[in-house]
Amino acid sequence: MPESVLFWIMGPLAVVAALGMLLVKKAVHSALLLAWVMITLAFFYIAQGALFLGIVQIVVYTGAVMMLFLFILMLVGVDASDSLTETIRGLRPIAITAAIGFGGLMVSLIGRASLGRESVGLDQANAAGNVEGLAYQLFSTYVFPFEVVSALLITAAMGAMVLAHHQREVPRSTQRDLSEQRFRSGSLATAAGLPGPGVFARHNAVDVPALLPDGTAAPASISETLRTRGDMIDSSQFQLDQVNTEVKEEK
Amino acid sequence: MSNSELIATDPGWIILVKGLLVFATCVVLTLLAIWAERRIVARMQERPGPNRVGPLGLLQSLSDGVKLALKEDLIPAAADKIIFILAPIISATTCFMAFAVIPVTGQVSLFGHQTVMQMTDIPVGVLYVLAVASVGVYGIVLAGWSSGSTYPLLGGLRSSAQVISYEVAMGLSLVSVFIYSGSMSTSEIVAAQGQWWFAVVLFPSFVIYAISMVGETNRAPFDLAEAEGELVGGFHTEYSSLKFALFFLADYVNIVGVSALATTLFLGGYHAPPGLGFTENWLGGWFTAIWFFAKVAAFFFLFVWLRGTLPRMRYDQFMQFGWKVLIPVSLFWILVVATLRLLSQQGTSRTGLLIFSGIVVAIVMFVNVAFDNAKKKKKNTPRPTLSKPDFAVPELPNKGSDRV
């Protein structure tokens with residue numbers, strides 16, 4: 001009884017989220033809805049007696065895999081959304097046909113296996129406790145496939161590392177090296193680092209150059225990227241109206 | 001009766017009362033924690049700290065909370081509105097959930113009903129805490145992304161990378177606890193520490209957990225996600241009013257949460273320290289809660305002490321420390337613990353155990369020496385010579401060295 005209440009509340013939520021995942025435009029929204037679908041799946045697993053699987057589903061998929069997805073997606077800005085133009089001609093009908101076919105296959109298979117039948121053997125499988133039962137299966141009957149899968153995953157991780165790795169030609173300069181370089185470059189102008197952007201007490205945006213003591217702008221205070229892009233605001237408008245540069249002799 | 005059997009007899013209203021108690025305790029603890037942190041840090045920096053509102057300044061955080069709630073609530077124009085609102089809600093709801101599996105007392109009588117102060121006792125309780133924590137990170141990451149500005153985004157990215165990395169080390173440090181107690185349920189882990197606390201038996205695991213819990217909660221010296229010197233406020237730069245208050249609340253509840261988990265896993269949970277076991281029956285068993293909260297408070301003091309003492313780490317050093325030190329060390333330690341456990345279960349003689357420990361010590365010493373040699377070699381490699389500066393440099397006392 002509680003299980004069916006849970007099912008009728010969480011089921012529709014999961015389906016709506018799954019459909020939303022396909023239909024929303026922003027990639028981050030889509031990823032979030034997928035994370036929600038995974039959490040509802042975990043609820044179902046737990047309700048059906050697979051406690052360990054449910055918790056691990058959240059730890060691994062929601063906590064790690066989806067987080068990595070988000071990590072990448074976040075590098076795309078807030079208002080970036082997927083383009084809906086087809087890059088390969090005829091891709092959409094093929095994809096829709098394949099999806100419907102696969103879905104139909106799954107529904108009919110699972111339906112034939114479980115519709116109108118009572119599931120049996122759960123108590124037997126969980127007799128020694130859910131975790132213990134699963135551990136026993138994994139490390140006795142299925143130990144070979146388990147190890148093969150882990151070897152596969154390690155190979156994949158190694159492969160990714162090898163592909164992304166590059167040999168440095170010169171060792172990376174440490175903080176000390178950089179500091180020595182600044183002091184021995186012959187000029188002390190940048191020894192303490194470049195000046196920060198912004199006009200003191202008037203404006204502190206990154207695209208406004210700092211003012212030098214005589215009132216002129218200091219282009220070195222703007223990031224190289226912004227400077228080449230031309231995203232620089234004239235800082236003279238933030239100058240004080242009358243800058244008195246004369247030094248008064250104190251009596 | 002074991003904890004899980006006792007909890008199974010709880011009627012619905014008792015569960016409701018426990019839930020309310022968890023919520024109320026966490027909120028009150030947050031208020032006290034903020035006050036305690038400000039007072040202790042002030043003490044460490046030789047200034048009085050908040051001492052005006054209420055006795056000893058105790059009501060300072062309450063008045064700050066009221067003030068925060070009355071502030072104007074801003075939503076930036078560039079923000080993704082739905083997620084901007086959702087993020088603090090995710091943060092503030094998940095942080096409470098971990099407390100559902102933490103046993104706070106032994107057997108007590110609550111309104112005439114025999115029970116333990118633990119909402120539910122599932123066989124994978126500790127994993128459940130990790131799962132909830134990993135969902136909680138979504139709050140921070142989404143807050144950073146949805147603000148639509150650069151500093152929060154950097155804070156969110158840092159936070160997600162940081163929490164994923166340190167959760168690996170944290171999970172690995174828990175494995176040896178599971179091996180020793182033979183269970184992943186919090187109440188059984190507490191029961192397994194009847195004789196020796198795991199902080200003593202599994203000291204390396206305890207140290208690794210203690211370090212990674214600071215990384216996991218984004219606290220100094222690992223608070224790179226909100227490093228104010230670099231990122232203004234990090235992920236919560238754009239947040240104001242109640243939404244910011246929710247992040248603040250989540251932050252402190254999380255600290256109490258990881259401290260409570262550390263207490264449960266390594267410091268014997270609600271049990272009295274060795275030699276004081278007779279106190280556990282005082283007040284009809286409720287005295288155990290005092291031991292529990294005393295241990296949590298000790299952990300909280302550690303957090304504050306760290307914040308008052310250590311400067312913030314540089315981001316690359318922090319990541320290197322996690323991946324190149326904590327994770328390999330905990331993997332090695334798991335191997336040692338698992339082998340020792342197996343040897344003792346198979347009834348190996350004392351000499352066998354001694355030989356094994358000798359081998360482990362030899363390996364550690366060898367690695368240490370190898371590291372030292374590598375360091376020396378790196379130090380002795382000639383550095384690229386740079387031309388002498390043409391501006392005046394004062395005479396150095398140590399003229400032999402070309403390093404300034």
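Which residues have the most contacts inside the largest nonpolar core? Here are a few notes on that and on what surrounds it, bearing in mind that this is a predicted model.

1. The largest nonpolar core counts 120 residues, and those with the most contacts inside it are Ile55(A), Leu127(B), Tyr128(B), Val129(B), Ala131(B), Val256(B) and Ala262(B). Helix H11 of chain B, residues 241-266, brings the largest share of this core, at 17 residues.

2. Setting aside neighbours within four places in sequence, Tyr128(B) is in contact with Ile55(A), Val101(B) and Ile122(B).

3. Now the chain pairing: 29 residues of chain B are in contact with 23 residues of chain A. On the side of chain B that touches chain A, helix H5 (125-146) and helix H6 (150-181) each supply at least two residues. H5(B) gives the most to that side, with 10 residues. By type, the residues on this side of chain B divide into 20 nonpolar, 6 polar and 3 charged.

4. At 1.5 Å a residue, the 26 residues of H11(B) should span 38 Å, and the end C-alpha atoms are 38 Å apart, so the two values agree. H11(B) is also mostly covered, with 24 of its 26 residues buried.

5. One backbone detail to look at while you are there: just after H11(B), Gly268(B) takes a positive phi of about 75°.

Note on methods. Residues are numbered from 1 along each chain as its sequence is written. Chains are lettered from A and ligands numbered from 1 in the order in which they are written. This is a predicted model: local features need pLDDT of at least 70, side-chain atom pairs count only at pLDDT 80 or more; totals for chains, interfaces and linings use all residues. A nonpolar core is a set of buried Ala, Val, Leu, Ile, Met, Phe, Trp, Tyr and Cys residues joined through C-beta atoms within 7 Å. A residue is buried if 20 or more other C-beta atoms lie within 10 Å of its own, exposed if 12 or fewer, and partly exposed in between; C-beta atoms are placed from the backbone. Helices (H or I, at least four residues) and strands (E, at least two) are DSSP runs, numbered from the N terminus. Two residues are in contact if their C-beta atoms, placed from the backbone, lie within 7 Å. Ala, Val, Leu, Ile, Met, Phe, Trp, Tyr, Cys and Pro count as nonpolar, Asp, Glu, Lys and Arg as charged, and the others, Gly among them, as polar. The expected span of a helix is 1.5 Å times one less than its number of residues.
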